[in-house]
Amino acid sequence: MPDYSLYYWPLPFRGQFVRAVLAHVGATWDEYDFEAIGALKGKPPADQPVPHMGPPVLVDRNTGISLSQMPAILGYLGRKHGLITDDNVHHALTDKIVADANDVLYEITLYNGAQMWTKESWHDFQPRLKRWMVMFEETGRRHGMTAREGFLLGTNEPGIADLATNILWGTMTAKLPPLRPLLEETAPAIAGLSDRIGALPQQVELCGKSDAAYGDLYCAGQIEASLRMVLNL
Ligand SMILES: N[C@@H](CCC(=O)N[C@@H](CS)C(=O)NCC(=O)O)C(=O)O
């Protein structure tokens, strides 16, 4: 029996944060196809393992506990597998970074595709996108992190904040390559951290599997098409 079951669409985006943590701790997990995820999401809340609106949903097969909301899942896994220290401040800052990452996901998809990007709206969004990058860069700087060494919150080992940072910026810029020069210029230490986390053997293996399964997909749907349009991809 695998350690976990993950319900998430066959694409990176929000689910990749959960996959990255599971891979990092050496957990085993299974995943389900589009129909099964749609069926679970469409059930009345009373019949769902955890009442939820959308995936990711993680089931801990050893305890039977089910969780939705990506930040809550990362908090659970982080505490269970020692990727968040007992320090209250570190804990709160980790939650803050994951919440920031989730906000960036909302913004880059115009709130899960509620609207589509146009050349004009994408242009207007650039100062805000850069500010998000600068915020992550400044967080690392305050904890002594550089492109080559250290971790986002000043820990000696990578934690949830570092994994989330790589999946946010590393995956985004890998799938939407015109954004990589912007990240390198605006947040060089974050580009370096993403590369260092992405080079960990478990992340290399996950990335290879995900690329084979999902190809170039990032968030999918019409919103991805509009992102590719404004990026001339
Ligand atoms: N706040 C939730 C957002 C979940 C979410 O928006 N899931 C998307 C996929 S990334 C979905 O398929 N939502 C379907 C829906 O809301 O109906 C989280 O962080 O997990």
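This is a predicted model: local features need pLDDT of at least 70, side-chain atom pairs count only at pLDDT 80 or more; totals for chains, interfaces and linings use all residues.

Residues are numbered from 1 along each chain as its sequence is written.

Four strands form an open sheet of mixed pairing, in the order β2-β1-β3-β4; helices (H or I, at least four residues) and strands (E, at least two) are DSSP runs, numbered from the N terminus, and two strands pair if DSSP finds at least two bridges between them. The edges are β2 (29–31) and β4 (66–68), each of which pairs on one side only. From one strand to the next the twist averages 20°, where axes are lines fitted to C-alpha atoms, for helices over the stretch in contact, and angles run from 0 to 180 degrees between N-to-C directions.

The pairings can be followed through individual residues. Strand β1 (residues 4–7) is joined to β2 in the parallel sense over three bridges, and to β3 (residues 57–60) in the antiparallel sense over four bridges. Serine 5 has aspartate 30 as its bridge partner in β2 and valine 59 as its bridge partner in β3. Valine 59 in turn has serine 66 as its bridge partner in β4, and β3 and β4 run antiparallel, joined by three bridges. The hairpin of β3 and β4 has five residues between the strands, and in this hairpin glycine 64 takes a positive phi near 80°.

Helix α1 (residues 13–24) packs on the sheet and touches β1, β2 and β3, its direction making about 160° with that of β1; residues are in contact if their C-beta atoms, placed from the backbone, lie within 7 Å. Together β1, α1 and β2 make a right-handed β-α-β unit, meaning that, with the strands pointing away from the viewer, the path from the first strand over the helix to the second runs clockwise.

The axes of α1 and helix α3 (residues 70–80) come within 10 Å and cross at roughly 5°. The two helices are therefore roughly parallel to each other, a term for angles under 35 degrees. Arg14, Phe17, Val18 and Val21 of α1 meet Met70, Ile73, Leu74 and Leu77 of α3. By class, this contact has seven nonpolar, no polar and one charged residues; Ala, Val, Leu, Ile, Met, Phe, Trp, Tyr, Cys and Pro count as nonpolar, Asp, Glu, Lys and Arg as charged, and the others, Gly among them, as polar.

Arg14 and Met70 also belong to the surroundings of the ligand, together with Phe13, Met53, Gly54, Pro55, Pro56, Gln69, Asn102 and Asn112, where a residue counts as near if its C-beta atom, placed from the backbone, lies within 6 Å. This shell divides into five nonpolar, four polar and one charged residues.

Two backbone details remain. Most residues other than glycine have a negative phi, and most peptide bonds are trans. Proline 55 and proline 56 are joined by a cis peptide bond with omega about 15°, and proline 56 has its place in the loop between α2 (34–42) and β3. Tyrosine 111, found in helix α5 (residues 110–113), has a positive phi of about 55° although it is not a glycine.

Key. Two residues are in contact if their C-beta atoms, placed from the backbone, lie within 7 Å. Angles under 35 degrees count as roughly parallel, over 145 as roughly antiparallel, 65 to 115 as roughly perpendicular and the rest as oblique.
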